[in-house]
Amino acid sequence: MIRNDDPALADLGSSDEWIRSRTGIECRRWVEPGTSTGDLAVEAGRAALQSAGDPVVDLVVLATTTPDHHSPATAPWVAAQLGLGTLPAFDVAAACSGFTYALAVGDAWIRSGMAEGVLVLAAETLSTITDPTDRGTAVVFADGAGAVVLRSGELDEPGAVQATCLGSDGTQKDLAVVAAGGSRRPDHDGVASGADRCLRMQGPHMFAHAVRRMTEVSRELLERAGWPVDSIGAFIGHQANQRILDKVADLVGVPDTSRFGNIHRVGNTSSASIPLVMDDLVRAQAVAPGARTLLTAFGGGAVWGAVALSWPDIKPARR
């Protein structure tokens with residue numbers, strides 16, 4: 001656990017009060033050297049499968065911005081480690097919106113009849129692509145993983161996905177980008193600066209676009225699902241910044257009692273943030289099964305997404 005006054009952040013010139021007031025973050029977690037995104041995903045997947053009672057799984061979808069390798073994808077290795085055999089498995093790269101995208105993929109496979117059960121994972125080791133000297137990212141980003149199991153069922157059951165809504169705008173790709181290391185700037189000779197091999201973010205512009213797109217997609221989703229905003233029992237936004245979360249919830253009109261998050265103690269874990277909040281709420285039994293739930297996210301790309309579902313009736317996995 002890295003607190004705001006930890007020596008790892010001491011050279012950034014940012015006080016605990018400065019970080020809290022601008023982000024809402026008090027602490028975050030970074031993996032130990034040698035721990036990969038796939039390692040985190042395996043643990044999250046194992047817990048989700050245990051909680052679901054050894055379900056049928058026909059597909060594994062892993063949302064991540066920090067795969068173990070450029071190639072191959074990380075999901076097949078995770079599936080193998082979980083003992084799931086030779087089933088289809090692939091990664092989804094949708095930045096901080098990854099979990100909403102992966103949920104939409106799993107939902108579509110089940111609705112089409114291509115799968116009876118889908119393991120949806122979101123895992124990130126953002127500390128591995130974060131410049132520890134960059135105040136704009138080092139105080140924000142963190143590592144973590146979460147997972148859920150989708151199965152075929154009826155729309156009136158607790159846990160049912162009611163509607164999804166996704167979008168993107170590639171003209172805003174530079175809002176958050178790792179400039180070097182990909183096919184556009186492969187850097188075979190290793191001449192790119194460390195800064196260009198780490199995640200850079202245009203904070204003020206990201207803030208404005210996140211508020212706009214998360215608000216728009218949330219409103220569109222509520223209309224698509226036919227849900228009045230005052231019927232929402234749980235609102236979980238991507239845990240990017242507490243001020244973004246508050247602004248979006250205010251604009252959408254979500255009651256204070258229905259807003260949930262954990263950014264203060266885990267930081268911004270990108271695609272993993274929403275399932276981590278969901279896990280907290282399951283463990284605390286803070287949301288009634290069947291409650292109307294709105295998930296919404298925005299990430300670099302630019303990409304955004306929202307999912308409407310009824311809160312599941314599940315028991316927390318044993319740790």
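This short talk covers the nonpolar cores and the cysteines of one protein model. The model is predicted, so please keep that in mind as I go through it.

I will start with the cores. The largest nonpolar core has 39 residues. Leu-221, Phe-235, Ile-244, Val-248, Leu-294 and Phe-298 are the residues with the most contacts inside it. Which helices and strands each supply at least two residues of this core? They are strand 7, at 161-168, helix 6, at 203-225, helix 7, at 242-252, strand 12, at 292-299, and strand 13, at 303-310. Helix 6 gives the most, with seven residues.

Take Leu-294 as an example. If we leave aside its neighbours within four places in sequence, Leu-294 is in contact with Ser-218, Leu-221, Leu-222, Ile-232, Ala-234, Phe-235, Ile-236, Ala-306 and Val-307.

Now the cysteines. How many disulfides does the model have? The count is zero. Cys-27 is in no disulfide, and the nearest cysteine sulfur, in Cys-96, is 18 Å away. Cys-27 has a relative accessibility of 5%, so this residue counts as buried.

Cys-165 is buried, with a relative accessible area of 5%.

That is the end of the talk.

Conventions
Residues are numbered from 1 along each chain as its sequence is written. This is a predicted model: local features need pLDDT of at least 70, side-chain atom pairs count only at pLDDT 80 or more; totals for chains, interfaces and linings use all residues. Side-chain values use heavy atoms; hydrogens and water are left out. A nonpolar core is a set of buried Ala, Val, Leu, Ile, Met, Phe, Trp, Tyr and Cys residues joined through side-chain atoms within 4.5 Å. Buried means under 20% relative accessible area, exposed over 50%, partly exposed in between (1.4 Å probe, protein chains only). Helices (H or I, at least four residues) and strands (E, at least two) are DSSP runs, numbered from the N terminus. Contact means heavy atoms within 4.5 Å. A disulfide is a pair of cysteine sulfur atoms within 2.5 Å.
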